[in-house]
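Visitor: I am new to this structure and would like a close look at a single part. Could you take me through the pockets slowly, with each term explained as we go?

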Amino acid sequence: LLLFLLLPFGAEAVEVAREVVALLEAAQEDAQKLFSQVQRAAFNTVDDFVANLGGLRTLRGELISLKDTRYVDLAAINELEAQIVEQNDALSERCVKFLLRSEAMDPYITRAGDQQGRVGDVTKMAEAKELEEEIQKTGEDLEMLIKIVNSLKIADTTEQTRIVESITTIFTTVNQAKEALKKKAKSLMAAEGAAQFDAQMKLLSQSAVNALDMSDTPEKCDEYYNSVIVQLEDLEGAFSDFDEYIEQLTDKRLELEEAFEQKRL
């Protein structure tokens with residue numbers, strides 16, 4: 001009906017309206033899938049609550065953004081948002097009751113402790129990056145839990161305090177792991193960077209030698225010089241965080257300029 005009413009306003013208006021309808025239908029479909037998932041979930045761990053509450057929060061954010069779009073059906077959005085809020089409130093209540101169990105936070109205590117212990121075993125930057133993402137995810141999950149606890153009025157403030165303190169204690173472990181990993185990554189970056197830089201510099205030197213050999217006219221000198229300089233600039237970008245390497249690359253640039261200028265003459 002909306003598309004029919006917009007026909008007099010031109011093809012562009014109809015196309016925008018069609019896109020808005022598709023976005024709303026996609027959101028409605030996502031919501032139904034999420035609602036069904038919430039109904040089926042066992043909720044035996046805190047992760048189950050965090051994942052589903054996070055999904056509801058994200059979906060509601062998308063709907064709120066969609067409200068500012070032209071030709072959108074606000075009534076349909078408000079109705080869907082109300083359903084999401086209802087699901088979120090009910091699930092949050094269940095989450096708080098679950099968190100009141102003494103063993104509720106054990107998986108996070110184990111996860112954070114395991115991540116902290118693995119920092120010492122990291123030997124490559126790729127491993128450091130992977131562990132960093134895991135630690136970041138744990139921190140985000142804990143932040144979600146604190147928001148849930150703080151958003152609800154728990155009758156027993158002592159219990160609420162106990163939950164928050166428990167989460168805060170785990171947060172401390174997560175932050176310690178994060179700081180330790182930063183130091184380890186910095187050390188690994190320096191070691192791996194040194195080996196990589198040395199190899200790249202040797203490759204650059206060989207490329208320059210070959211380019212100089214093939215530069216048998218002034219025009220070819222310019223052509224091959226530009227090609228070698230592009231390699232050098234790529235290295236400058238790759239090692240921009242290391243002042244000592246930038247200094248060496250600056251010296252190398254001057255060396256190349258002089259060598260190609262001599263060959264050009």
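**A look at the pockets**

Guide: Let us begin with the lining of the largest pocket, which is made up of M125, A128, K129, E132, I135, Q136, K178, L181, K182 and A185. Two elements give two or more residues each to this lining: helix 6 (125-151) and helix 7 (157-214). Helix 6 gives the most, with six residues. Helices here are DSSP runs of H or I with at least four residues, numbered from the N terminus.

A word on the model and its numbering: this is a predicted model, in which local features need pLDDT of at least 70 and side-chain atom pairs count only at pLDDT 80 or more, while totals for chains, interfaces and linings use all residues. Residues are numbered from 1 along each chain as its sequence is written, and side-chain values use heavy atoms, with hydrogens and water left out.

What is meant by a pocket? On a 1 Å grid over the protein atoms alone, a pocket is an open set of points where a 1.4 Å probe fits, with protein on both sides within 12 Å along at least five of seven lines; lining residues have an atom within 4 Å of a point. The largest pocket holds about 180 Å³ of space, where a volume is the space filled by probe spheres set on the points, and grid points are joined across faces, edges and corners.

By class, five residues of this lining are nonpolar, one is polar and four are charged. In this scheme Ala, Val, Leu, Ile, Met, Phe, Trp, Tyr, Cys and Pro are nonpolar, Asp, Glu, Lys and Arg are charged, and the others, Gly among them, are polar.

Helix 7 and helix 8 (218-238) each supply at least two of its lining residues, and helix 7 has the largest share, with four. Its lining divides into five nonpolar, four polar and two charged residues.

Back in helix 6, you will also find D141. D141 is buried, at a relative accessible area of 6%; buried means under 20%, taken with a 1.4 Å probe and protein chains only. Its side chain makes a polar contact with the side chain of K137 (2.9 Å), that is, a pair of N or O atoms within 3.5 Å, one able to donate a hydrogen and the other to accept it, with residues adjacent in sequence counting only if both atoms are side-chain atoms.

Terms used
Buried means under 20% relative accessible area, exposed over 50%, partly exposed in between (1.4 Å probe, protein chains only).
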